[in-house]
Structure formats: C-alpha cells, structure tokens
There are 2 protein chains.
Amino acid sequence: MLKITKKVEYALIAVRHLQENKDKLVPVAEIASSYGIPREVLAKTLQKLASSNVIESCKGPAGGYKASDKIEKTTLNDFFEILEGPTAIMDCYFDSGCDHLSSCNIRTPINKINDSIRNLFDNLTLADISQ
Amino acid sequence: MLKITKKVEYALIAVRHLQENKDKLVPVAEIASSYGIPREVLAKTLQKLASSNVIESCKGPAGGYKASDKIEKTTLNDFFEILEGPTAIMDCYFDSGCDHLSSCNIRTPINKINDSIRNLFDNLTLADISQ
DNA sequence: CTTATATACGACAAAATTTATCGTATATAA
DNA sequence: TTATATACGATAAATTTTGTCGTATATAAG
C-alpha cells in the first residue's frame with residue numbers, strides 16, 4: 001500500500017533524465033532503452049506531462065522531449081495528479097457510490113491523513129527531491 | 001496510487017469502534033456486521049493488531065477485542081507497518097532483485113519522498129487523527 | 001465434561017487494478 | 001516523398017488485492 005505506480009516511477013526517471021540533458025531533444029526510445037522501460041508505456045506517460053506543460057514535445061525526425069521552465073517549480077502533488085488524478089488514500093471522497101456513508105466512522109481520520117499528505121506534497125517540488 | 005488497502009481501512013474502522021466502546025469486549029462479528037465488512041478479512045486483520053498489542057483479545061464465549069492502553073500512542077507509521085510492512089512508495093529498497101540499480105537515477109528522489117512520508121506518519125498518532 | 005462461541009491461522013479462489021502490447025493517425029525534417 | 005517521432009485508443013497479460021473456506025484452539029456456561 002501507499003505505493004507509487006510504474007507510470008509515476010517511469011515519469012520520475014524520465015524527468016530526471018531530461019533535467020540532466022537540458023539542451024537537447026530526447027526521444028522516448030532513448031530513455032526507454034537506457035532504463036529498460038517499455039517504450040509505449042513511457043510514451044503515454046510523457047504525453048500527459050507534455051499536455052500539462054511540465055515537459056515540451058517536438059514531433060518529427062530529430063524530435064523528442066525536453067524539460068520546460070516549469071519543471072523545477074512543479075510540486076510533487078501537481079506531478080502525481082497529472083499522472084494519476086487526485087491525491088487521496090481512499091477513493092470514497094471522489095466516488096459518490098459509498099453504501100456505508102451513514103455508518104462511516106473514519107471520515108475525520110481519513111480527511112486528516114489526506115490533508116497531511118497533500119500538504120506534504122504541495123511543499124515539495126521536483127527540484128527539492130533531486131538535490 | 002498511494003492508496004491504503006481495505007485491510008487498513010477495516011482496521012481503522014475497528015480501532016475507532018473499539019475506542020468508542022472501551023469498557024466491553026467486542027466480537028469481530030459485531031464490527032463486521034455493523035460496517036458491512038467481510039468477517040474473515042476483518043478477523044485476520046485484528047489478529048495482527050492483537051499480536052502487536054495495539055488491541056487485546058479474549059477467546060471463548062463473551063470474548064472479543066478491546067482497545068489497549070497502547071492504542072492512543074500508536075503512530076500511523078507503526079499501525080501501517082504492523083498491517084502492511086515497511087512504509088515506502090517503492091519496493092526496491094527491500095527487495096534485492098532490481099536489475100537496473102546501476103542505471104537508476106531516482107534513488108535520491110525516492111529516498112527523500114520515503115523519508116518525508118515516514119517522518120509525517122511517525123509524528124501522527126491514532127489519537128491525533130481521531131479528533 | 002460437554003457444548004456453544006469466539007479467536008487463530010493457513011490455503012486457495014475471485015475480483016480488481018496495474019502493466020504491457022498492438023494498431024492507427026498525425027506532424028515534420030531531410 | 002520518405003523516414004522518424006509524437007499522439008491516442010483498444011485490448012491483453014500480469015500482478016496485487018480482496019474474499020472465502022476449512023480446521024484448530026481456548027474458554028465460559030450449563
């Protein structure tokens with residue numbers, strides 16, 4: 001439990017790689033083969049980061065991805081939410097279909113834990129964890 | 001991602017229930033039926049909490065579980081680790097079988113995130129989140 | 001001492017989620 | 001025009017989580 005997914009792991013690896021190669025455009029295939037990541041999985045992940053402008057994409061031959069200016073200031077919370085949706089230890093606060101809401105005795109605890117984690121990740125940037 | 005498991009959810013519900021019924025011994029069946037939890041799953045979960053002395057068990061007719069003195073001071077980190085093992089967002093720091101260690105470029109980031117989360121959960125007790 | 005009830009514990013099946021693959025479309029530099 | 005790279009959806013495989021079943025053990029009550 002409380003594990004990140006491979007998607008997020010791959011995204012972190014890619015972001016770090018792009019940060020270390022700031023000048024050039026790096027194609028997905030290069031990152032995938034360097035770290036043993038399935039190409040298609042990584043591609044889809046980087047597409048999400050590109051559409052949120054954490055990284056920039058360029059199509060065509062000699063194309064690829066590069067880190068954007070925004071990347072250093074991106075918080076872990078933003079990063080995770082781009083890839084996986086809202087940060088929460090349970091789904092019940094986004095789903096509406098909980099049958100047991102009336103007898104639920106852990107709303108307060110769950111909310112407190114969620115708030116604590118979001119607060120933590122709102123105050124950690126990609127730059128912070130790289131140093 | 002970063003979700004708690006049903007086991008942990010059920011354990012939290014049970015702990016809260018026991019805290020609200022401090023005097024009496026509550027059988028698993030009572031908690032399971034009150035909150036719509038599968039009896040056997042909850043039973044196994046409470047057995048772990050009992051063997052770690054977070055709660056106390058009593059066999060036989062009129063037996064059941066009750067909160068221990070230790071319960072209020074139990075940190076979220078201890079609670080989670082009793083139920084699910086070490087707190088970490090990736091398994092690679094406990095498994096030894098990572099093929100890509102030499103090319104791994106996210107050891108520092110992962111360690112920083114792990115440390116931050118453990119620090120957070122070490123400083124939150126079951127009492128803290130219940131208020 | 002027998003019986004009913006509760007915890008203790010392991011093996012296995014079902015369900016859900018995550019991870020990976022495949023196919024097709026679009027953009028662009030050479 | 002061609003080769004190469006991103007973009008995106010559908011589906012299959014693998015893994016993990018969740019739930020079920022069976023059996024053993026302890027103990028209070030009659």
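**Figure 1. The largest nonpolar core of the predicted model.** A nonpolar core is here a set of buried Ala, Val, Leu, Ile, Met, Phe, Trp, Tyr and Cys residues that are joined through C-beta atoms within 7 Å. In this predicted model, the largest such core comprises 62 residues, and the members with the most contacts inside it are A14(A) and A14(B).

**Figure 2. The contact between chain A and chain B.** Chain B contributes 32 residues to this contact, and chain A contributes 32 residues. On the side of chain B that touches chain A, the elements giving two or more residues are α1 (6-19), α2 (28-35), α5 (107-122) and α6 (126-130) of chain B. By class, the residues on that side of chain B comprise 15 nonpolar, 11 polar and six charged.

**Figure 3. The β1–β2 hairpin of chain A.** Strand β1 (residues 55-58) of chain A pairs with strand β2 (residues 64-67) of chain A in the antiparallel sense, over four bridges. One of the pairings joins I55(A) to A67(A), its bridge partner in β2(A). Five residues lie between β1(A) and β2(A) in the hairpin, and in the turn G60(A) has a positive phi of about 85°.

**Figure 4. The surroundings of DNA strand D.** DNA strand D is surrounded by 28 residues, of which the closest are S57(A), T5(B), P38(B), E40(B) and G60(B). At least two residues of the surface near DNA strand D come from each of α2 (28-35), α3 (39-51) and β2 of chain A, and from each of α1 and α3 (39-51) of chain B. The largest share of this surface, seven residues, is supplied by α3(A). The surface near DNA strand D is made up of 13 nonpolar, eight polar and seven charged residues.

**Figure 5. The surroundings of DNA strand C.** Around DNA strand C there are 28 residues, and the closest are T5(A), P38(A), E40(A), G60(A) and S57(B). In the surface near DNA strand C, at least two residues are supplied by each of α1 (6-19) and α3 of chain A, together with each of α2, α3 and β2 (64-67) of chain B. With seven residues, α3(B) gives the most to this surface. Divided by class, the residues of the surface near DNA strand C are 13 nonpolar, eight polar and seven charged.

Terms used: Residues numbered from 1 in each chain as written. Chains lettered and ligands numbered in written order. Predicted model: local features only at pLDDT ≥ 70, side-chain atom pairs only at ≥ 80, totals over all residues. Buried ≥ 20, exposed ≤ 12 C-beta atoms within 10 Å, placed from the backbone. Contact = placed C-beta atoms within 7 Å. Nonpolar A, V, L, I, M, F, W, Y, C, P; charged D, E, K, R; others polar. Pairing = 2+ DSSP bridges. Near = placed C-beta within 6 Å.
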